[in-house]
Amino acid sequence: MIEGSISNRIRILRFHNGEMSQAELGQRIGVTRQTIAAIEAGKYSPSLEAAFRIAQVFNVPLGEVFQWDENATH
Amino acid sequence: MPYREKTAWLSLIAMVVAFGPYFTIVASLHREPLPNLRQLGLFAVAAIVQMLILGLGHLYLGRRSPEEARTPPDERDRAIIRRSISSAYYLLIAGMILVGCVMPFNSSGWTIINAALFTIVGAEVVHYGVVVFSYRRQS
């Protein structure tokens with residue numbers, strides 16, 4: 001199996017979008033603040049649908065929010 | 001702490017507080033033939049204690065964070081619930097095989113009933129334990 005893990009830039013994107021809070025982002029995509037915190041920390045991988053919603057909120061392609069990091073392991 | 005983690009803690013505490021003493025007491029009782037109303041009474045007390053803790057606890061938690069209580073579970077909450085139920089299932093099915101297929105040949109009456117109850121309580125403890133652990137780990 002190919003080794004690697006998913007990393008994300010949600011914290012940076014929130015900062016560039018007027019320091020959007022985790023609660024606001026969660027509310028806009030239909031999850032709790034705790035779920036956004038878990039995604040940001042890399043502890044929880046969101047569904048594809050939630051991932052696309054996050055990208056849509058920031059108005060960027062999915063690949064700018066989530067990346068596959070081949071050097072990292074779980 | 002998220003509302004759903006608090007409710008899982010509540011369920012875990014209610015289970016341990018209500019059924020911990022119950023199993024401790026019944027383990028020391030003499031075996032009596034059915035219907036054994038003393039055991040039935042003990043079980044009723046344990047069930048009432050559990051219901052009271054859960055009822056009052058949910059009322060208190062719901063009043064403290066009414067918005068969170070009304071919010072339906074999101075995808076991570078549902079993933080945690082699925083994981084916890086599948087973990088508890090293994091214990092439940094093993095216990096039920098023991099209770100239903102093995103114990104009738106060497107036990108009877110309240111021994112079998114208590115073994116079934118113990119399996120159910122154990123599975124519930126695993127279920128809520130995995131929920132709490134998952135929220136603690138943020139996973």
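Guide: Let's begin with a term: contact, or touching, means heavy atoms within 4.5 Å. Please keep in mind that this is a predicted model.

Visitor: Staying in chain B, how do α4(B) and α5(B) pack, in terms of angle and axis distance?
Guide: Helix α4 of chain B, residues 75–106, packs against helix α5 of chain B, residues 110–136, at an angle of about 160 degrees, and their axes are 8 Å apart. That angle makes α4(B) roughly antiparallel to α5(B), since angles over 145 degrees are counted that way.

Visitor: What sort of residues make up the contact of α4(B) with α5(B)?
Guide: The residues of that contact divide into 18 nonpolar, eight polar and three charged. As for the handedness, α4(B) passes α5(B) in a right-handed crossing.

Visitor: Changing topic: how many residues of chain B are in contact with chain A?
Guide: Nine residues of chain B are in contact with 13 residues of chain A. Between them the two chains bury about 910 Å², with 49% of that area on carbon and sulfur atoms.

Visitor: Which three residues supply more than any other three of the area that chain B buries against chain A?
Guide: Those are E75(B), R76(B) and Q138(B), which supply 58% of the area that chain B buries against chain A.

Visitor: Over to chain A, then. Why is α3(A) described as largely enclosed by the rest of the structure?
Guide: Because seven of its eight residues are buried, α3(A) is largely enclosed by the rest of the structure. The buried residues in α3(A) are Q34(A), T35(A), I36(A), A37(A), A38(A), I39(A) and E40(A).

Visitor: And what about G42(A), where does that one sit?
Guide: G42(A) is in the loop between α3 (33–40) and α4 (48–58) of chain A. This glycine, which follows α3(A), has a positive phi, near 75 degrees, and at 48% relative accessibility G42(A) counts as partly exposed.

Visitor: How far apart are G42(A) and I29(A), in sequence and in space?
Guide: G42(A) and I29(A) are 13 residues apart in sequence and, taken C-alpha to C-alpha, 18 Å apart in space.

Technical notes. Residues are numbered from 1 along each chain as its sequence is written. Chains are lettered from A and ligands numbered from 1 in the order in which they are written. This is a predicted model: local features need pLDDT of at least 70, side-chain atom pairs count only at pLDDT 80 or more; totals for chains, interfaces and linings use all residues. Side-chain values use heavy atoms; hydrogens and water are left out. Axes are lines fitted to C-alpha atoms, for helices over the stretch in contact, and angles run from 0 to 180 degrees between N-to-C directions. Helices (H or I, at least four residues) and strands (E, at least two) are DSSP runs, numbered from the N terminus. Angles under 35 degrees count as roughly parallel, over 145 as roughly antiparallel, 65 to 115 as roughly perpendicular and the rest as oblique. A crossing is left-handed if the near helix is turned anticlockwise from the far one by less than a right angle, and right-handed if clockwise. Ala, Val, Leu, Ile, Met, Phe, Trp, Tyr, Cys and Pro count as nonpolar, Asp, Glu, Lys and Arg as charged, and the others, Gly among them, as polar. Buried area is the accessible area (1.4 Å probe) that two parts lose on being put together, summed over both. Buried means under 20% relative accessible area, exposed over 50%, partly exposed in between (1.4 Å probe, protein chains only).
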